[in-house]
Amino acid sequence: MTQKEALLILRTGANVFLTGSPGSGKTHTIKAYIDWLREHSIEPAITASTGVAATHVHGMTLHAWSGLGILDRFTPYDIDQIASKEPVAKRIQKTSILIIDEISMLSAVVLDAVDAVCRQVRGNDMAFGGLQVVMVGDFFQLPPIARAGSTTPFAFQSQAWHDLNPITCYLTEQHRQDDRTFLSLLGAIRSGTFAEDESETLRERFITAEEIPEDIPRLYTHNADVDRLNDTQLKALPGVTHNFEMETNGKANLVEGLKRGCLSPEKLVLKEDAVVMCTKNNANLGYVNGTVGRIVGFESGTSYPILETLDERRITIQPVEWVVEDEGKVRASISQIPLRLAWAITIHKSQGQSLDAAAMDLSRAFEYGQGYVALSRVRTLEGLYLLGWSAQAAAVHPEVSRRDFDFQEASVNAEDFFKELESFGERTTMEERFIQACGGTLIAAPIIAKPKVKSTGRQTTYEITLAALEEGKSIQEIAEMRGLGFGTIVEHAEKLATLGKITPQQLEQLLPEVLRARLVPIAEAFQTLGFEKLSPVYNRLAEAYSYDELKLARAYLRQVM
């Protein structure tokens, strides 16, 4: 099935399992669906099974959205208690569409619990209380985490999945790998036909540790190997250490979820010549989540790292935001330089990334799907460097193999069925009814891309913001003009004030009315508690102001006190 065909099925409001091999366009399709919903004034609930996956889709974990928290076993009493929580009930009642990414890592137990909570909150005994549920993922990839000595059923083995009876949309196009030999090898692992020919192909990619090309990441099965190599390599570099602290805003539990899911650390420590990997997509600057390179310097004035990619492009990497959106609003955000040390990375954290090249040791692969995920991160066979291999690395779960045949067959049948509906015009009627049922607008209002200011190469990001401030633009206007977050422009203003580039009068004009009217108690809080940390002031003022508002106030008060 093509991405376009899957999108048309999603738009009918059908419950869908969107699957396909890595690189088939699952993420692209679901983002296109989210854009279509928003064009029709419908806001979906966007969730994922893990924090890492949630950051990729600007959502929250399914555990957080449904109120399940850290529990992994649920009694009827637990479900009743969760469903009675006002924030959870309000969120579920307002939702029409629930999207769950990386469904392969979600256990049957958790999916059944979410189903039970939704039914109870909505007072509807249909699956998930009548929500449209869209599950995205590939069961050949990493499975649910099981307790020691136990097995965890897959989501498709749950009662909730059976009751939901989703339409399978199995994407068959390939957008990551275009190497036929490599695609054949990956296909052999999926189909369980991996044999001598594929083993011979992999043997040609074996190298020793000394032969690993510079500036490419190593993928390991265990965290200890990753941490040890990254720490050792960074300490061995000469030169000055540059530290970048993460900025946070919003509810503590949501912020913590973002921190766990964000691949950039809370405290990023870099030196010149450090090997790093980008952890965000930025098409305008030409890097994606997985772009690898080396730090060749730090920008004068801002100290932002300058990345030289493997194809010898140089990019100044500025802070970006990761956010949690709910009901169309940002509920929490973190801001950090979108980099991480990349001499090594775990296979678990590589899921969802596309790498130009990687060296990997799969000799200690310990779970189904681990070897397949690692291999499929790389775009071509030429970019694959093997340090070790084991038979377990090519193993796939027998139950997944069995069900995959059913999924493919169901997808073909769905494709034929919806083509017939399309020919009679019935699919369009279903689409219109779905929009109306969700309270949306039949006439689409296209999402207009925000205009961005492009650097000429002679201005730093601060200088671009300064020029806009001098034109009398507000922080919100600059954020929209540059396609950056509000909090990022606030940080620019605070930095410009520290450098003496903007006056107290200019800063005062940037302060919201609510701050100007309450400057005396805010000033007293800063004077008593100090200017270095915002959290004590935030708590002292009873959380009446956001962290961004307090940053602006701090910048102004530092100049006038």
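Modeller: A nonpolar core is a set of buried Ala, Val, Leu, Ile, Met, Phe, Trp, Tyr and Cys residues joined through side-chain atoms within 4.5 Å. The structure to which we apply this is a predicted model.

Colleague: Which residues touch the most other members in the largest nonpolar core?

Modeller: The largest nonpolar core has 137 residues, and those that touch the most other members are Trp65, Phe128, Phe139, Trp161 and Met360. Trp65, when residues up to four places away in sequence are not counted, touches Ala45, Thr47, Met60, Val88, Arg91, Ile92, Thr95, Leu98, Val114, Cys118 and Leu131. Another core, of 26 residues, lies apart from the largest one and includes Ile34 and Phe418.

Colleague: What makes β3 and β6 the edges of their sheet?

Modeller: Six strands form an open sheet in the order β3-β2-β4-β5-β1-β6, with parallel pairing. β3 (60-61) and β6 (167-171) each have a single partner strand, so one side of each is left without a neighbour in the sheet. Within this sheet, β1 (residues 16-20) and β5 (residues 132-136) pair over three bridges, and Leu18 has Val136 in β5 as its bridge partner.

Colleague: Why are α22 and α24 called roughly perpendicular?

Modeller: Helix α22 (residues 519-529) and helix α24 (residues 547-560) pack at about 80°, with axes 11 Å apart. Angles of 65 to 115 degrees count as roughly perpendicular, and α22 and α24 are therefore described in that way. Their contact has eight nonpolar, no polar and one charged residues, among them Phe526 in α22 and Leu557 in α24.

Colleague: And why is α19 called roughly parallel to α24?

Modeller: Helix α19 (residues 486-498) packs with α24 at about 10°, with axes 9 Å apart. Because angles under 35 degrees count as roughly parallel, α19 is roughly parallel to α24. By class, this contact has six nonpolar, two polar and six charged residues, including Glu491 in α19 and Arg558 in α24.

Key
Residues are numbered from 1 along each chain as its sequence is written. This is a predicted model: local features need pLDDT of at least 70, side-chain atom pairs count only at pLDDT 80 or more; totals for chains, interfaces and linings use all residues. Side-chain values use heavy atoms; hydrogens and water are left out. Axes are lines fitted to C-alpha atoms, for helices over the stretch in contact, and angles run from 0 to 180 degrees between N-to-C directions. Helices (H or I, at least four residues) and strands (E, at least two) are DSSP runs, numbered from the N terminus. Angles under 35 degrees count as roughly parallel, over 145 as roughly antiparallel, 65 to 115 as roughly perpendicular and the rest as oblique. Contact means heavy atoms within 4.5 Å. Ala, Val, Leu, Ile, Met, Phe, Trp, Tyr, Cys and Pro count as nonpolar, Asp, Glu, Lys and Arg as charged, and the others, Gly among them, as polar. Buried means under 20% relative accessible area, exposed over 50%, partly exposed in between (1.4 Å probe, protein chains only). Two strands pair if DSSP finds at least two bridges between them.
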